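Colleague: I would like to go through the contact between the two chains and ask what each term rests on. Please set the values against the definitions.

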2 protein chains.
Amino acid sequence: MTEVPLDGFPERVRIVDVGARDGLQAWPDPVSTDVKIELINTLIAAGVPQLEVTSFVAPRAVPNMADAREVMAGIDRSRGAEMTALVPNARGAERAIEAGVDAMVVFLSASESHNQANVNCSRDKSLAAAAEIARMGQDADVPVYGAIATAFGCPFEGNVAIKDIVQVAKSYGDCGIAQLTLGDTTGMATPRLVQERCRTLATEVPAADIALHFHNTRGVGLACAYAGLQEGITRFEASIAGIGGCPFAPGATGNICTEDLVYMLQESGVATGINLDALIEVARRTEKALGQTLPGQVMKAGPRLRRYEREDVRSSSGSRA
Amino acid sequence: MTEVPLDGFPERVRIVDVGARDGLQAWPDPVSTDVKIELINTLIAAGVPQLEVTSFVAPRAVPNMADAREVMAGIDRSRGAEMTALVPNARGAERAIEAGVDAMVVFLSASESHNQANVNCSRDKSLAAAAEIARMGQDADVPVYGAIATAFGCPFEGNVAIKDIVQVAKSYGDCGIAQLTLGDTTGMATPRLVQERCRTLATEVPAADIALHFHNTRGVGLACAYAGLQEGITRFEASIAGIGGCPFAPGATGNICTEDLVYMLQESGVATGINLDALIEVARRTEKALGQTLPGQVMKAGPRLRRYEREDVRSSSGSRA
């Protein structure tokens with residue numbers, strides 16, 4: 001039943017788990033380096049092909065990413081999974097290259113005010129930094145990818161015009177950066193915006209290779225992924241167990257959940273190379289390690305064909321239709 | 001931007017809120033009649049056109065539905081929203097008709113073992129009851145709708161063959177019941193199964209008018225709705241704030257969340273006649289009234305274009321890409 005992809009879906013998707021970076025960067029409590037390494041290595045063992053594992057930012061600014069080098073040093077590289085890290089400036093790029101990342105991710109907000117709030121400088125300055133990092137990457141033979149934050153809306157400015165996304169994508173292209181991620185930083189993406197952005201970029205910046213990064217802050221994260229799959233997108237970022245949150249809305253969820261996305265893909269006949277049972281196990285262990293209920297659903301309910309006995313039912317007479 | 005429906009989506013969808021019934025029937029604590037009536041009336045005021053408000057089952061079996069008559073008596077009928085109730089047998093139908101429901105919903109599981117576990121009798125016996133209720137409805141001029149439980153899988157038997165769904169749909173048809181709901185009782189629906197079931201029923205039981213009822217137990221509830229919308233389905237059941245749970249998996253969610261679904265529809269240019277802001281307010285009050293964090297996401301994050309000031313940000317230096 002699941003051999004052929006669902007109508008319009010691609011045959012294979014590359015999952016990028018960003019839990020160790022996007023999920024943990026603003027985690028309210030300190031998370032030990034050991035917990036991060038265990039998380040990353042068990043994700044690799046489950047078959048996740050690419051992970052954004054840390055951020056080479058100033059430790060003072062993001063305390064939970066202060067151990068970037070130590071995290072990198074503890075990762076099992078034997079399986080060939082691609083390890084990327086977020087890099088805001090030349091100093092970060094130096095550290096990232098030294099630590100042996102497989103690729104560096106630079107970032108820039110599509111909206112000026114978010115860029116200012118996020119990294120305290122203008123988009124132009126961020127773009128200049130990206131260009132410098134791109135040159136450093138070229139010299140060191142380390143690929144550089146570009147993330148576009150607030151690609152579906154800005155918490156300060158509201159809607160972000162598609163022309164601004166096209167502009168950033170072209171600017172990245174001018175720096176030699178073609179592998180781009182549209183980041184739904186605060187959960188403002190909708191299926192319609194996904195469709196519009198993917199179609200416009202395919203036409204206007206055909207050299208750009210687009211990945212999608214959704215947050216489930218308003219519940220439609222997997223619906224947005226669905227829309228992206230139908231546009232032929234084959235790279236999606238997600239966070240194991242849905243670790244993370246939204247800095248704007250206490251209690252709201254952050255990144256879409258990796259194992260829920262993989263479950264949807266598996267049930268839609270889209271190959272990911274990931275072992276879902278192993279992924280569920282990682283999600284459960286992560287929840288335990290972080291000591292907090294996390295948003296992931298499949299890890300709570302178990303695999304689709306999990307069987308129950310009649311005695312297992314909480315209320316056998318609830319008349320559930 | 002949202003005037004025309006997203007490719008393949010219908011122009012208008014009828015939302016059926018089932019929170020007061022499916023959400024509350026197995027709620028661990030007693031819920032007062034006043035809270036239920038307030039919930040229902042505020043949903044009506046927000047523009048919800050149809051609600052499954054209670055269940056005329058034996059009070060001993062489902063204590064939280066013991067006040068079915070009182071709930072019905074307290075509902076504001078002036079706006080013409082359609083009030084339906086679940087009815088398991090002739091005794092329930094008598095009470096429902098007496099209480100003045102606009103329509104009765106009979107139910108039957110597609111899998112024998114779930115029917116046994118749910119109502120302690122065979123599917124044949126449940127079907128005979130449905131036929132009797134259909135006759136009673138005809139005499140009283142009260143429409144009868146049919147729910148098919150475990151329409152996407154059974155927690156005891158696993159997969160449920162499409163031929164079993166077709167069979168139940170035809171049996172309902174033989175009783176004169178054409179308005180059917182495919183119930184994803186324990187969150188086993190997937191986009192592919194939605195597609196398969198909708199297409200097969202359209203061909204093999206063309207007289208059946210299909211509604212979809214999903215649970216978000218494995219995170220893909222709105223993705224299943226997405227698949228259903230692309231099949232042209234125009235009636236969806238959901239529960240305000242995502243009230244409810246899964247009797248099989250403690251901690252897992254139950255019904256998809258009404259306001260999250262309405263948000264997705266609104267952003268996809270599909271009319272529902274519902275005021276989303278009012279719906280969010282109902283969800284928040286419901287969470288407060290029930291005294292427990294509920295799964296709804298939009299109610300936590302707020303409307304999509306909610307604006308923030310820079311000072312609102314939890315961590316302005318999280319480097320969020």
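Modeller: Contact means heavy atoms within 4.5 Å. The model is a predicted one. By that cut-off, 90 residues of chain B are in contact with 90 residues of chain A.

Colleague: How do you know that the copies meet through the same surface?

Modeller: Of the interface residues of chain B, 100% are also interface residues in chain A, so the surface is the same in both copies.

Colleague: Why is the pair R199(A) and D7(B) called a salt bridge?

Modeller: The closest N and O atoms of R199(A) and D7(B) are 2.9 Å apart. The cut-off is 4 Å between a side-chain nitrogen of Lys or Arg and a carboxyl oxygen of Asp or Glu, so the term applies. Between chain B and chain A the count is 2 salt bridges, and 27 residue pairs are in polar contact.

Colleague: Which element gives the most to the side of chain B that touches chain A?

Modeller: That is α8(B), with 6 residues. By class, this side of chain B has 40 nonpolar, 31 polar and 19 charged residues.

Colleague: How much area do chain B and chain A bury between them?

Modeller: About 7,700 Å², with 52% of it on carbon and sulfur atoms.

Definitions and conventions:
Residues are numbered from 1 along each chain as its sequence is written. Chains are lettered from A and ligands numbered from 1 in the order in which they are written. This is a predicted model: local features need pLDDT of at least 70, side-chain atom pairs count only at pLDDT 80 or more; totals for chains, interfaces and linings use all residues. Side-chain values use heavy atoms; hydrogens and water are left out. Buried area is the accessible area (1.4 Å probe) that two parts lose on being put together, summed over both. A polar contact is a pair of N or O atoms within 3.5 Å; within protein, one must be able to donate a hydrogen and the other to accept it, and residues adjacent in sequence count only if both atoms are side-chain atoms. Helices (H or I, at least four residues) and strands (E, at least two) are DSSP runs, numbered from the N terminus. Ala, Val, Leu, Ile, Met, Phe, Trp, Tyr, Cys and Pro count as nonpolar, Asp, Glu, Lys and Arg as charged, and the others, Gly among them, as polar.
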